[in-house]
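Subject: Structure for your review, with notes

Dear colleague,

Please find below the structure I promised to hand over. My notes on what was found in it follow directly after.

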There are 2 protein chains.
Amino acid sequence: MLKELDLNQKMNKQAYKTLMDELKPQLVLLQQEVKRLGIPVVILFEGPRAAGKVTALAELILHFDPRGFRVHSTREPEPTDLRMPWLWRFAKKAPARGSITLFDNSWYFGMRLEQSKKRGRNYPGYIRDINAFERQLADDGCLILKYFLFISKKEQKKRLGRLAASKATRWQVTTQDIDYLKNYKRNRELMDGVLQSTDTQWAPWHVIPATCKRYARAAVMQSVAGELKRAIATKEAKEKLFESVPAQRTVFRLLPARGIETYDLGLTVADEEYRREKKKLQTRLRDLHSMLYSKKVPMILCFEGNDAAGKGGNIKRIARALDPRGYAVIPTGAPSPGELSHQYLWRFLHGLPRTGHISIFDRTWYGRVLVERVEGLIPESILPRSYDEINEFEYMLHKWGAVILKFWVAASKDEQLLRFEARQAAPEKQWKITEEDWRNREKWDAYQTAINDMFRHTNTDFAPWTVVESNSKQYARLKTLRAVTEAIEQTL
Amino acid sequence: MLKELDLNQKMNKQAYKTLMDELKPQLVLLQQEVKRLGIPVVILFEGPRAAGKVTALAELILHFDPRGFRVHSTREPEPTDLRMPWLWRFAKKAPARGSITLFDNSWYFGMRLEQSKKRGRNYPGYIRDINAFERQLADDGCLILKYFLFISKKEQKKRLGRLAASKATRWQVTTQDIDYLKNYKRNRELMDGVLQSTDTQWAPWHVIPATCKRYARAAVMQSVAGELKRAIATKEAKEKLFESVPAQRTVFRLLPARGIETYDLGLTVADEEYRREKKKLQTRLRDLHSMLYSKKVPMILCFEGNDAAGKGGNIKRIARALDPRGYAVIPTGAPSPGELSHQYLWRFLHGLPRTGHISIFDRTWYGRVLVERVEGLIPESILPRSYDEINEFEYMLHKWGAVILKFWVAASKDEQLLRFEARQAAPEKQWKITEEDWRNREKWDAYQTAINDMFRHTNTDFAPWTVVESNSKQYARLKTLRAVTEAIEQTL
């Protein structure tokens, strides 16, 4: 893409002025429409140093209302960023519906920074992560505009020289810039490879010849205005910005899954054995947590299950053995308005553990295919996409190095009734039972279907489900404790 | 406090068990009450290494519902933290109403970490910041429980030795720990000094002898339960947790302030001079921004003013001269529910610039004493406290090294009417004018009073107000541009 690019495109001052006078008032109004229609927009600028990315971005934002956009400049990752999945720091900044996020350098630059730190990830891994990330955003209705500004070696040398000549800007020229210039051809090839492998239907690249600054700025402004217009028209027509094709998704190998009705939920354990085993497992877990921490392995424990089946009790028995500096219980309730204005998985980014830490999710992203499905909050038609997105999300976590365990804490319908009644009788437990629990109970069969579909579509080998038979709380607690300790042992 | 402490207090197993059996169910219910009444709670643990802070914290959280609390472990500050006011990373984590935030080591430990980096701040500065921060939280209804766990030198040596002996925990013992032990007496004196100077009416210390772990855990649990009960009873009686006394506030020297009615808002500038001067000032500002960046000076520009007086236009003329990597416009709208559940100034923490950056606030924390006052959203009785809190906030920013400019962009009532009408006539400006603007206009006189009171109480020498006469937009733009460039020149 880059080698054949005609870098000599120019625009004269008068043509530029005429175009700008036409575009500026348009951009103001287009942003209002984007806001009104709730379209999230990503505009990112990539390209070599001194290609004019920042100038183009600066010109653009002057015509936007500051209440509707944010600019993020990508720098070296911070220590915390390095202890999270590499895309995490970018994904967190995805725009809310109706707002525009501009990136001066984005995950593409971030990928290069990460690679130079040699964090053991391979090139296809980065590309896969990026394409999945951008496609998930696009599937959620996000308009993604990617601009790559490019200049010739000669022009770049000239511009860096000018920066170095002035006292006020000298600090902006780094040794990396000089190195880059020396290896111009090789770098062009590298960039070309990245551009080609991420030039997707849902997020195509706009490559801009930027030798003439006026031309580059005008090309960006014109493209942004045109793309916003197109997105607004599409959205007004209630059509999708981009038609999702299943073939574009990663296919994951699924393990066979048994229906929930085939499990014997009445398994029990003797009191004596429970006490002895629990103590042994907790002592073991305490040591394993310390080793997990020192080896910097992140762990994600997902708890889903029937109401009153004992998720909380299981979590408490695990938590008791853990150092509070190294774990957190992440409760998942109904999403807030701010969370609802982002892609579904966005809110779970905030609860992910750092390396060496454990996040225990009390309910999880599976809410989408459980409660949201049963309550009709999402159309059935997006279920396949939802399973895929969840698998992709967990695969990213797995590739990052996380150990993922997913527990379905299962009590029978009769056992649930007994526990509901017990909760209502005990003052210190009354807060645990609400009208909603009773309503959910009425939908028992719909949940059974949703649960079995969930098992079938998300029982991957990197993040398999464990059904915890929980009519006996003691049996259940031993089973989860044992599963957690064994998973850590296998990993270390 | 520490030297005289009886470190040999003990509790036997049976007494501990009896007490715990009594406290555990209480804690569950107390947390529910805290949630119901919307009381924010801070529980922090400080003390030397191996004193048992983490064990006490771990025991406590087992009895809380994870939906109502969060644990923060204080570590070395990250690069971003070091580019913000030192308390920033802690203040961001303050609890929302009805939730509990537990700190395993807090700003007290943070202060030591910062001091060891010799960032040029003095001890009284830290103490002043801490006391102001805690008092602002307490004034906002927050219950602050501070526990200091202490052990003898002998006991500490024993515990560190035990950690070092096991393969699983050896990594937990650092050279700092050994150093600390060597200078036990001196460290005890240092800690004593901090305890005494921060043992305030609104956030007293609870010093716990922790040689006997059971005793320490029981003492913490009993204290937490007792304090929660007290806070709940006080809140139920609609009384304040702590009665704020004006004498506990810092008194700032205020510069004389003229009433807004004494300004000649009709000042003008010739077209020719405007164009020439604007260009000159913007070119100068471009260079100054670069120097500000390289010298790592943070700058905060606050824009307040009458509707349609031209805040946006002023901001745009400044922004045009700035590198978008180094500034952000922070628009301030009505607070979200999440923001409303925190102390008033909390939400502005997120918009503060890093060192070397510029934050341009389009409306600010002065909303409290302007719109919130005029609309009757706050009682007049909290105005004195609000002015004080704002001054303290700006003083903290000033001491951190920030250059703070506050602009009142003033147009006359007649001029405002002309502009409102012009906005309604132009399609690309209609979004800028709402019913609310017309309603505000009816309250013109109430605003004049609020503005003059604001000038009188917040015109400090470290963050003075600049009135920008704005009936002529050109005059106003030159005045703000000039004020910004001059302020940077004086600083560098």
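How many helices and how many strands are there in chain A? There are 19 helices and 10 strands in chain A, where helices (H or I, at least four residues) and strands (E, at least two) are DSSP runs numbered from the N terminus.

Before the details, a word on conventions. This is a predicted model, in which local features need pLDDT of at least 70 and side-chain atom pairs count only at pLDDT 80 or more, whereas totals for chains, interfaces and linings use all residues. Residues are numbered from 1 along each chain as its sequence is written, chains are lettered from A and ligands numbered from 1 in the order in which they are written, and side-chain values use heavy atoms, with hydrogens and water left out.

**Chain A as a whole**

Taken along the principal axes, the C-alpha atoms of chain A fill a box of roughly 85 × 50 × 40 Å. Of its 492 residues, 58% count as buried, a term that stands for under 20% relative accessible area, with exposed meaning over 50% and partly exposed lying in between (1.4 Å probe, protein chains only). The accessible surface of chain A comes to about 21,600 Å², and 52% of that belongs to carbon and sulfur atoms; accessible areas come from the Shrake-Rupley method with a 1.4 Å probe, and for residues only the protein chains shown count as cover. Among contacts in chain A (heavy atoms within 4.5 Å) between residues at least 6 apart in sequence, 83% join residues at least 24 apart.

**Charges and salt bridges**

Chain A carries 83 positive and 60 negative charges, whose mean positions are 8 Å apart. In this count Lys and Arg are positive and Asp and Glu negative, while His and the chain ends are not counted; the place of a charge is taken as NZ of Lys, CZ of Arg, CG of Asp or CD of Glu.

A positive surface patch is formed by R286(A), K316(A), R320(A), K429(A), K432(A) and K473(A). Patches are made of residues with over 30% relative accessible area and no salt bridge, like charges being joined within 9 Å and nonpolar side chains (Val, Leu, Ile, Met, Phe, Trp, Tyr) within 5 Å.

Side chains of opposite charge can pair when their charged atoms come close. The structure holds 60 salt bridges over all chains, each being a side-chain nitrogen of Lys or Arg within 4 Å of a carboxyl oxygen of Asp or Glu. One of them joins D323(A) and R325(A) at 2.6 Å, N to O; D323(A) is partly exposed at 23% relative accessibility, and R325(A) is likewise partly exposed, at 23%. In chain B, R159(B) pairs with E155(B), the closest N and O atoms being 2.9 Å apart, and both residues lie in helix 7 (residues 153–165), 4 residues apart, about one turn of the helix. R159(B) is buried at 5% relative accessible area, as is E155(B) at 11%. The salt bridge between R347(B) and E339(B) spans 3.5 Å, N to O, with R347(B) buried at 15% and E339(B) partly exposed at 25%. Finally, R373(A), E380(A), D453(A) and R456(A) are linked in a network of salt bridges.

**Individual residues**

A463(A) is found in the loop between helix 18 (444–458) and strand 10 (465–469) of chain A and is buried, with a relative accessible area of 0%. Not counting residues up to four places away in sequence, A463(A) touches E394(A), I404(A), K406(A) and T458(A).

In helix 18 (residues 444–458) of chain B, N452(B) is buried at 14% relative accessibility, and, leaving aside its neighbours within four places in sequence, N452(B) is in contact with R258(B), G259(B), I260(B) and E261(B).

Most residues other than glycine have a negative phi. N105(A), however, has a positive phi of about 65° although it is not a glycine; N105(A) lies in the loop between strand 3 (100–104) and helix 5 (107–116) of chain A and is buried at 11%. Phi of R363(B) is near 70°, and R363(B), in the loop between strand 8 (358–362) and helix 14 (371–374) of chain B, is partly exposed at 27%.
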